[in-house]
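Please keep the sequence and the structure in view while reading.

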Amino acid sequence: QHGHGLYFFERECSVQRRHQKLVEEAPSSCLNEQTRQKMGRDAVNLALSCGYIGAGTVEFLVDDQLNYYFLEMNTRLQVEHPVTEMITGIDLVELQIKIAEGESLPLQQSDLKISGHAIEVRICAEDSFQDFLPSIGWINEYIKPVGEGIRIDDSYQRGMEIPVQYDPMIGKLIAHGSNRMDAIDKLKQAILKFQIEGVETTLPFCLYVLDNKNFIAGDYNTNFVS
């Protein structure tokens, strides 16, 4: 509304099954600062050029030479927006509400800095060892981990039912660390402490991802799961 746009850096979301994300991190382990800034400016210019107002997510495909190609724009926050909030310290939900109320953005691009690293895993009611088939039933136990840098966005508790009619995601587990390995270590410990009984979940697979040498090296792509 005021001709002003910001980019909140990038998220890496290449760990996917059936083109849906399971592990997301920010910042990306493969981008350099030059590409990050150019990609961010292109995303803002795209939004401004069509008069877009509010929070949105521009998706790019990136090749092994760091050439990037526009894929789509989601005119909303995405599921993995917490990792962006963790590395920037900005509440994106609050900001989009203020924009919807007609307020101008209270920040300049130079105000935004990347602080540490954040990784999110999606906890879905699926059996990772049976090609991610849906797992339905009643949650008999639900004990959440706590710790510094750990965030959980969820809507379930013990005694609730996972039905077949709806999206299988139980919640999101996010860890923020001083660097990527710190975030990985915190997230692994949190997964081990997360107790969900009654249905199968993707937590064991996410633990496998975090232990995988290619993931740790940042050498992975959208074919990782297959």
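Does C13 count as buried or exposed? At 12% relative accessibility, C13 counts as buried, since the limit for that class is under 20%. The model discussed here is predicted.

## Cysteines

The structure holds zero disulfides. C13 takes part in none, and the nearest cysteine sulfur, that of C30, is 11 Å away. A disulfide is a covalent bond between the sulfur atoms of two cysteines.

A disulfide is counted when the two sulfur atoms are within 2.5 Å. C30 counts as partly exposed, at 34% relative accessibility, whereas C13 is buried.

## Helix α2

Helix α2 spans residues 81-88 and is mostly covered, with seven of its eight residues buried. The buried residues are H81, P82, V83, T84, E85, I87 and T88.

Which elements cover these residues? The cover includes the strands β2 (20-26), β5 (117-124), β10 (150-154) and β12 (169-177), together with helix α3 (92-100). Just after α2, G89 adopts a positive phi of about 75°.

Strand β10, which is among the elements covering α2, contains D154. The relative accessible area of D154 is 27%, and this residue is therefore partly exposed. Beyond its neighbours within four places in sequence, D154 is in contact with Y142, K144, I170 and G171. By contrast, G3 lies 151 residues from D154 along the chain, and the C-alpha atoms of the two are separated by 35 Å.

Two of these contacts are polar and run from side chain to side chain: D154 meets Y142 at 2.8 Å and K144 at 3.4 Å. The pair D154 and K144 also forms a salt bridge, with 3.4 Å from N to O. Because D154 lies in strand β10 and K144 in the loop between β9 (141-143) and β10, the pair ties together parts that are 10 residues apart in sequence. K144 counts as partly exposed, at 41% relative accessibility.

## Salt bridges in the whole structure

How many salt bridges does a search of the whole structure find? The search finds 19. One of them joins R36 to E33, with the closest N and O atoms 2.9 Å apart. Both residues belong to helix α1 (residues 33-49) and are three residues apart, about one turn of the helix. An α-helix has 3.6 residues a turn, so residues three or four places apart point the same way. R36 is buried, with a relative accessible area of 8%, while E33 is partly exposed, with a relative accessible area of 40%.

Another salt bridge links K188 with D211, and here the closest N and O atoms are 2.7 Å apart. K188 lies in helix α4 (residues 180-193) and D211 in helix α5 (residues 203-211), so the pair ties together parts that are 23 residues apart in sequence. D211 counts as partly exposed, at 43% relative accessibility. Elsewhere, salt bridges that share partners join R11, K21, E24, E59, E80 and R122 into one network.

Note on methods:
Residues numbered from 1 in each chain as written. Predicted model: local features only at pLDDT ≥ 70, side-chain atom pairs only at ≥ 80, totals over all residues. Heavy atoms only, no water. Buried < 20%, exposed > 50% of the residue type's maximum accessible area, 1.4 Å probe, protein only. Helix = DSSP H or I, 4+ residues; strand = E, 2+ residues; numbered from the N terminus. Contact = heavy atoms within 4.5 Å. Polar contact = N/O pair within 3.5 Å; in protein donor to acceptor, adjacent residues only side chain to side chain. Salt bridge = Lys/Arg side-chain N within 4 Å of Asp/Glu carboxyl O.
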